[in-house]
Amino acid sequence: MIETMQCAGADFCEELSGADDTSFARFYEGDPSSRLIYSTENLTLLADMSPLVLGHLLLLPSNHYMSFAQVLSLHEAEVSGFLAEIVPLYREAFGEPLILEHGSSAGQESHACITHAHLHFLPIDGDAVDDHLIADALAYRDLGSLGELALSPWPSSAYFLRVYRERVRVYRPTGEQKRQYLRSVAGAVLAIEDPEWDYAVVMRKGELRRTMRMVDYWPGKLSGNVMTVDAELSCGE
């Protein structure tokens, strides 16, 4: 049985709960006032705080889970419906999306682990990302669908997820990957100098603001199917 976890002090949770003192608020100082795009009952879409490229978005559960394998085990229909709605809009605005995730588990002690699950959406070549992961000697398994991520062993394991052109692949970390590993791989594909892919090194405010302007029509397109973000969201409740 998957249980939500307490997340006191986790910045994603503070931001989703409407807290004033968050990293986003400190860096952007009200311009824009929010990076939230829209939500469903259990999912929230927002722009990455320092986008590697226009269209770098994050999808995360409004409650606190360590991986989307855990989220899918409870909310597979909602995740599938959300992706069916968002992917055509994403293609229209930015191009074919690559979806990446570093899934963590409660027993993982690596400094690279994730404390609040999130999927990255990036308009970059997924095959080029595969080349980097394979070059780093990561073993992988191809899945028949994203829903299979909810099956053992993934909800209790660390993994790297890659979804591209409806092809789902899961890589096994070796324990030697550095912090923000997938972000560094995406940065390499985008020819971003190391370590400028690190959001602690470079804050790409212009890309976030342009991304938010490019998706400002999405809630209107989806208003009949999703709940737009017009109130404070809860985290872990």
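A charge is taken to sit over a ring if NZ of Lys or CZ of Arg is within 6 Å of the ring centre and within 35 degrees of the ring normal. The charged end of Lys205 meets this criterion over the ring of Tyr28, 5.8 Å from its centre. The charged end of Arg169 sits over the ring of Tyr140, 3.7 Å from the centre.

The model is predicted: local features need pLDDT of at least 70, side-chain atom pairs count only at pLDDT 80 or more, and totals for chains, interfaces and linings use all residues. Residues are numbered from 1 along each chain as its sequence is written, and side-chain values use heavy atoms, with hydrogens and water left out.

A pair of aromatic rings is described by the distance of the centres and the angle of the planes. Rings of Phe, Tyr and Trp (its six-membered ring) pair if their centres lie within 6.5 Å; planes under 30 degrees apart count as stacked, over 60 as edge-to-face and the rest as tilted. The structure holds nine aromatic pairs. In one, the ring centres of Tyr90 and Phe121 are 6.0 Å apart with planes at 45°, so the pair is tilted. Tyr90 lies in helix 3 (residues 68-93) and Phe121 in strand 5 (residues 119-122), so the pair ties together parts 31 residues apart in sequence. Helices (H or I, at least four residues) and strands (E, at least two) are DSSP runs, numbered from the N terminus. Ring pairs link Tyr38, Phe82, Tyr90, Phe94, Phe121 and Trp218 into a cluster.

Buried means under 20% relative accessible area, exposed over 50%, and partly exposed in between (1.4 Å probe, protein chains only). Tyr90 is buried at 0%. Phe121 is buried at 1%.

Strands pair if DSSP finds at least two bridges between them. Strands 3 and 5 run antiparallel, joined by three bridges. Strand 2 (residues 43-47) pairs with strand 3 in the antiparallel sense over five bridges. Here Leu45 stands opposite Leu59. Five of the five residues of strand 3 (residues 57-61) are buried, so this strand is largely enclosed by the rest of the structure. Leu57, Leu59 and Pro61 cover one side, Leu58 and Leu60 the other.

Tyr164 belongs to strand 7 (residues 159-164). Tyr164 is buried at 6% relative accessibility. Its C-alpha atom is separated by 6.8 Å from that of Pro97, 67 residues apart along the chain.
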